[in-house]
Every structure is written in structure tokens, then in C-alpha cells.
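Visitor: I have a model open here. Can you walk me through some of its local features?

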Amino acid sequence: PIRTMAFARGLVQMLGVLALLNGQTQACTTLIAGRLATTDGSVMCTHSNDGEGATDPRLVSIPARTHNPGAKRAIFFTPESIPRYVGTARGDIPAYSPTPLHKPFEPIGYIPEVPKTYRYFEETYGAMNEHQLAIGESTCSGVFGTLPKGQGGKALMSVDTLTQLAMERTTTSRDAVKLMGAMAERYGFYGPGSFEGSAESLMVTDPHEGFIFHILPDESGSSAIWAAQRVPDDHVAVVANAFVIRQINVSDPTNFLFSRSVHETATAKGWWSPKDGPLDFTAIYSDGEYKQKYYSGRRVWGAYRLLSPSLNLSPTYDEYRKSKPYPVTAKPDEKVSVATFARVMRSYYERTEFDATVGLAAGPWGTPDHVAGGSAGGLVGGWERTIGLFRTSDSHIAQSRSWLPDAVGGVLWWGPHAAPYTVYVPFAAGMVSLPSCTLGTPAVMDRSSLFWAVRLLFNYAQLRRSAMIVHINEYQEIAHNRSLKLQAQLDALGSKAPFDVLTSLMASNAESIRNELYALADTLLFRYAD
């Protein structure tokens with residue numbers, strides 16, 4: 001069994017090396033909180049899109065649609081780089097319109113369409129739909145890997161597509177998990193295949209509950225292995241590019257959902273037997289941390305350090321999969337808010353022995369933002385993998401609230417570019433469109449975009465970060481408090497808030513924040529110029 005598992009992992013690594021030639025790095029940190037773990041009763045999840053500069057950071061509104069009987073839903077390969085999709089098959093979406101430089105994508109397959117699909121916000125993945133269903137994604141390693149249809153494989157479903165289908169077709173996190181699992185089993189699942197692995201994890205939430213969802217291809221490359229665990233209402237959880245689900249309780253369908261292949265595959269490979277007790281999903285199906293030790297675990301520790309410090313967890317451990325250093329979920333010491341999660345997403349492990357803002361590498365101005373290291377002279381290594389990261393294309397904090405109408409209850413707090421420098425801008429689930437300032441990309445300098453406002457501010461800050469970050473943090477708090485006031489005004493209107501008014505007010509807030517970010521960059525440049 002050990003040799004068989006080692007061979008499977010070796011195959012996954014080989015596929016990863018091959019795919020890396022055509023892919024890009026994605027490495028994301030996700031958080032989740034149950035309704036009794038938050039200050040206001042929200043269910044929340046987060047996502048960070050930690051790419052390498054070519055990731056498509058746009059936040060796009062996908063319209064609701066109706067379909068004729070017998071219609072087919074086209075499935076596309078999902079590159080995640082710019083542009084992540086081009087065409088009209090998914091609706092009339094100006095951001096995805098073909099251009100002379102970008103021709104429509106060709107489908108790699110089709111599945112039966114449903115009569116009606118819901119409106120939702122999409123970045124690389126489906127983020128939140130009109131019914132407050134929300135998702136955050138984190139790529140993980142897995143013992144099996146495969147390729148998509150059209151590229152030598154048999155699998156049709158990527159995690160990007162699964163999140164789109166969940167947004168289009170479901171209204172609850174439980175139904176979303178079941179749908180994504182069923183689709184992956186039926187049509188085959190493929191992971192990104194880059195250096196970080198061939199599997200995926202999603203935080204899936206609605207106004208009432210949330211799940212951690214793990215998935216990887218099966219050995220045949222034509223189906224999938226998946227499991228999901230419900231997060232206790234008074235708990236939080238962290239996934240940082242490595243599986244966390246452990247023992248699966250097969251007699252508890254309320255808290256555990258999974259494919260039959262979870263146990264069938266492990267038994268067939270000799271990796272697990274019923275006499276061993278409950279199957280440990282991470283120990284069996286994770287390939288551990290990639291790139292370097294502590295690449296994932298340190299972030300889990302870093303998040304729990306801020307959310308549940310009384311656990312007094314150790315930042316070090318022997319081996320991630322086998323030593324089980326951290327809990328799957330934990331009760332926070334204090335109830336969390338959007339601002340709490342924003343603080344975690346911006347963390348550089350400040351005031352710990354791993355603080356990236358101090359030391360020789362941080363330089364005289366205390367910058368934690370380092371490009372990837374090389375291997376000159378045979379010296380191989382890497383920087384501490386922090387939660388806050390300069391190469392993030394975008395991140396979000398999704399907030400679902402059961403006591404409010406869906407239109408205002410669901411709020412996607414979207415932050416373009418790097419979380420430590422961004423402002424999380426609220427967009428309500430009832431908005432019929434998004435302002436054009438959510439459409440900037442790294443490919444073209446665009447002063448109308450929020451993305452470039454934050455990117456410019458980030459680059460200016462490197463000139464004297466220790467001084468400038470104080471002003472950036474002050475503005476982040478001011479902008480967040482103003483957005484909270486706007487949110488409260490719209491909450492008070494509830495179902496009486498017309499969709500067009502809701503859209504206009506939140507778009508105006510986003511545009512104001514964009515303008516203020518550019519003004520802040522200019523102010524800092526003037527104040528700290530030589």
C-alpha cells in the first residue's frame with residue numbers, strides 16, 4: 001500500500017510539473033464562520049486569489065437566465081489567467097465580449113441545462129448569488145491528478161465550473177455541495193495541476209450554515225472523490241492550500257457529506273480498512289503541503305492565533321498530514337466580524353517570531369513584500385508564507401444574513417489586489433449590475449479601476465512602507481466604517497430597497513473609494529518624496 005500511494009503521488013507531481021508549463025500559480029487562504037460565531041449572526045466565508053500576476057481579478061455580474069427545454073449548458077476549460085473567459089454562451093456579459101484580440105472560447109463539452117439560472121457575482125470562481133449562497137476557494141494537493149477533456153484527459157469539471165453551476169442552480173450551501181459533488185462524479189473533475197496540487201477545497205455558505213468541501217479526481221480520471229463537513233454554528237475554520245477534514249462520521253449525514261468513492265477507493269488501494277476506525281480524509285487523500293514545510297500549516301496557525309488565541313497552538317509540527325497539528329474547526333475567543341476577517345486576511349504574523357515586517361529581509365522600511373526567491377549557487381529556499389500577500393489579485397469576505405431579504409442580506413465585501421493594502425468594498429446580492437470600476441486587470445493600466453488604485457498605492461508604499469502603512473490602515477478603517485453606515489441604511493429599507501437604487505448607491509460608494517485611493521497615493525507620494 002505504501003508503494004502504491006507513493007507511486008500515485010509521484011504521478012500527481014509529474015502531472016503538476018507538466019501543467020505548470022502552461023499554467024500559473026494559485027495559492028489561496030480561506031476562512032469560514034458559523035452564525036453563532038459572528039457578532040451579528042452572519043454566516044461568513046473568505047477567499048484570496050493569490051496568483052503570480054496573470055490572474056484575472058475582475059469582479060463580474062452574471063445575469064439570471066431562462067432556458068428552453070432541451071437546452072445544453074456549454075462547459076469551458078478555465079484558464080484563470082486574463083481573460084478567464086470570452087464568449088456569449090454564458091449570457092450577454094459585456095466584460096466577456098469577444099474582441100479582435102480575444103476570440104470566443106470553444107466548449108470542451110456540454111451538460112443538460114436547467115429551466116432557470118440565478119444571478120451571481122463571479123471573480124475567478126462563483127462568489128455569491130442572489131440567494132446569498134457564497135463560496136471561497138483554496139487549491140490543495142491530492143494523491144490523484146488528471147487532465148481536462150481536450151488536453152489528453154477525460155474530466156469535464158474544474159472547480160471554477162463547479163462553483164458557477166452551484167451559483168446558477170442552488171440556493172443553499174448543502175444543496176451546492178451535493179450538486180458539485182454529483183456533477184464531479186458524473187462528468188469527471190480536474191484540478192489546476194500547477195505546483196500546488198490537483199485537488200481543491202471550498203468554503204460554502206448560506207444565511208444559515210456553512211461547509212468545508214474537499215474534492216480531487218479519482219484514479220480513473222473520469223470521476224471524483226469528495227467530502228464535506230459542516231462547520232458548527234459557533235465555530236470558525238481555516239483552509240490554506242491543504243485539506244483539513246479528518247475523521248468522517250458515516251452515521252452523521254447532518255454534518256458529513258461524501259462520495260461512495262471515499263471509502264471504496266481507500267479500501268481498494270489498501271490504504272484503509274473499516275477495522276481502522278473512521279477514515280481520515282486528509283491523511284488518506286492529501287499529498288501534504290507543497291513547495292515547503294509550513295507553507296499551509298503556518299497560515300492555519302496564524303489565523304487561529306488571531307481568532308482563537310486561547311488554544312495556544314504551536315507554530316511548528318513534524319509533518320502536516322500525519323501529525324494533525326491543528327483542529328478542523330475551533331470556537332473563536334471573541335465573536336468575529338467582517339473587520340475581524342479582514343484583519344486575518346491582511347496578516348504578516350506581526351508581533352510574532354515570524355513577523356515579515358521586521359528583520360534584514362524587510363529592509364529599512366519594514367516591507368514584507370518579497371518576490372519569489374531563486375536557487376542561485378545551489379541555495380534553495382523560500383520566504384515565510386504569510387496570509388497577507390503582495391501577489392494577490394483579489395480577495396473577498398462574503399456575508400450572508402438570514403434575518404434580511406436576500407437582496408440586502410447577502411453582501412460580498414470585495415477587495416482588489418493585495419489584502420494588506422486594499423479596501424473591502426461592499427456589493428449587495430440584489431445589485432442588478434456592478435460598476436465598471438470592478439473590471440481592471442494587470443494587462444492594461446486603467447485609472448478607472450479599483451484594482452489599479454490599490455496596485456498603485458501598494459507600489460508607492462514600498463518606497464517607505466513603515467510610514468505609509470499607518471496612513472493606509474487609517475484610511476481602510478475610515479472607508480470600512482462609511483461602508484458599514486451605507487449597509488445599515490440599506491438594511492433598514494430591507495425589501496423596500498428598489499434594486500436600481502441599491503445598485504446606484506453601492507456603485508457610487510465603490511467609485512468614491514476608488515477616487516480616494518488614488519488621492520491617498522498622490523498624498524503619500526508628495527508627503528514622503530525625496
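Visitor: Which side chain makes a polar contact with the side chain of R73?
Guide: That of Q164, at 3.2 Å. Keep in mind that this is a predicted model.

Visitor: Where is R73 found?
Guide: R73 is in strand 5, which spans 72-75.

Visitor: Is R73 buried or exposed?
Guide: R73 counts as buried, at 4% relative accessibility.

Visitor: What does R73 touch, leaving out residues up to four places away in sequence?
Guide: R90, G109, Y110, I111, P112, E113, Q164, L165, E168 and R169. Strand 6 covers 109-112, and helix 2 covers residues 159-169.

Visitor: Stay with helix 2. How many of its residues are buried?
Guide: 11 of the 11, so helix 2 is largely enclosed by the rest of the structure. Among the buried residues are D160, Q164, E168 and R169.

Visitor: How do helix 2 and helix 3 cross?
Guide: Their axes come within 9 Å and cross at roughly 135°. Helix 3 is residues 173-187. The two helices are therefore oblique to each other. Helix 2 passes helix 3 in a right-handed crossing.

Visitor: Which residues meet there?
Guide: From helix 2, L162, T163, L165, A166 and R169. From helix 3, A176, L179, M180, M183 and A184. By class, that contact has 8 nonpolar, 1 polar and 1 charged residues.

Visitor: Next pair. At what angle do helix 6 and helix 8 pack?
Guide: About 145°, with the axes 10 Å apart. Helix 6 is residues 297-307 and helix 8 is residues 338-345. Helix 6 passes helix 8 in a right-handed crossing.

Visitor: What are the contact residues in helix 6 and helix 8?
Guide: A303, L306 and L307 in helix 6 meet T340, F341, R343 and V344 in helix 8. By class, the count is 5 nonpolar, 1 polar and 1 charged.

Visitor: And helix 10 with helix 11: how far apart are the axes, and at what angle do they cross?
Guide: The axes come within 9 Å and cross at roughly 145°. Helix 10 is residues 450-461. L457, Y460 and A461 in helix 10 meet R465, M468 and I472 in helix 11. This contact has 5 nonpolar, no polar and 1 charged residues.

Visitor: Which helix holds Y475?
Guide: Helix 11, residues 465-493. Y475 is buried, with a relative accessible area of 10%.

Visitor: What does Y475 touch, not counting residues up to four places away in sequence?
Guide: V423, R482, I513, E516, L517 and L520.

Visitor: How far is Y475 from E384?
Guide: Their C-alpha atoms are separated by 27 Å. Along the chain, Y475 and E384 are 91 residues apart.

Visitor: Switching to S261. Where does S261 lie?
Guide: In helix 4, residues 261-268. S261 is buried, with a relative accessible area of 12%.

Visitor: Which backbone oxygen lies 2.9 Å from a polar atom of the side chain of S261?
Guide: The backbone oxygen of A224. S261 also touches I225, A266 and Y285, again not counting residues up to four places away in sequence.

Visitor: What is the phi of Y294?
Guide: Y294 has a positive phi of about 80°, although it is not a glycine. Y294 lies in the loop between helix 5 (281-285) and helix 6. Y294 is buried, with a relative accessible area of 19%. Buried here means under 20%.

Visitor: And what is phi of H417?
Guide: Near 60°, a positive value in a residue other than glycine. H417 sits in the loop between strand 18 (411-416) and strand 19 (425-428).

Visitor: Is H417 buried or exposed?
Guide: H417 is buried, with a relative accessible area of 5%.

Key
Residues are numbered from 1 along each chain as its sequence is written. This is a predicted model: local features need pLDDT of at least 70, side-chain atom pairs count only at pLDDT 80 or more; totals for chains, interfaces and linings use all residues. Side-chain values use heavy atoms; hydrogens and water are left out. Helices (H or I, at least four residues) and strands (E, at least two) are DSSP runs, numbered from the N terminus. Buried means under 20% relative accessible area, exposed over 50%, partly exposed in between (1.4 Å probe, protein chains only). A polar contact is a pair of N or O atoms within 3.5 Å; within protein, one must be able to donate a hydrogen and the other to accept it, and residues adjacent in sequence count only if both atoms are side-chain atoms. Contact means heavy atoms within 4.5 Å. Axes are lines fitted to C-alpha atoms, for helices over the stretch in contact, and angles run from 0 to 180 degrees between N-to-C directions. A crossing is left-handed if the near helix is turned anticlockwise from the far one by less than a right angle, and right-handed if clockwise. Ala, Val, Leu, Ile, Met, Phe, Trp, Tyr, Cys and Pro count as nonpolar, Asp, Glu, Lys and Arg as charged, and the others, Gly among them, as polar. Angles under 35 degrees count as roughly parallel, over 145 as roughly antiparallel, 65 to 115 as roughly perpendicular and the rest as oblique.
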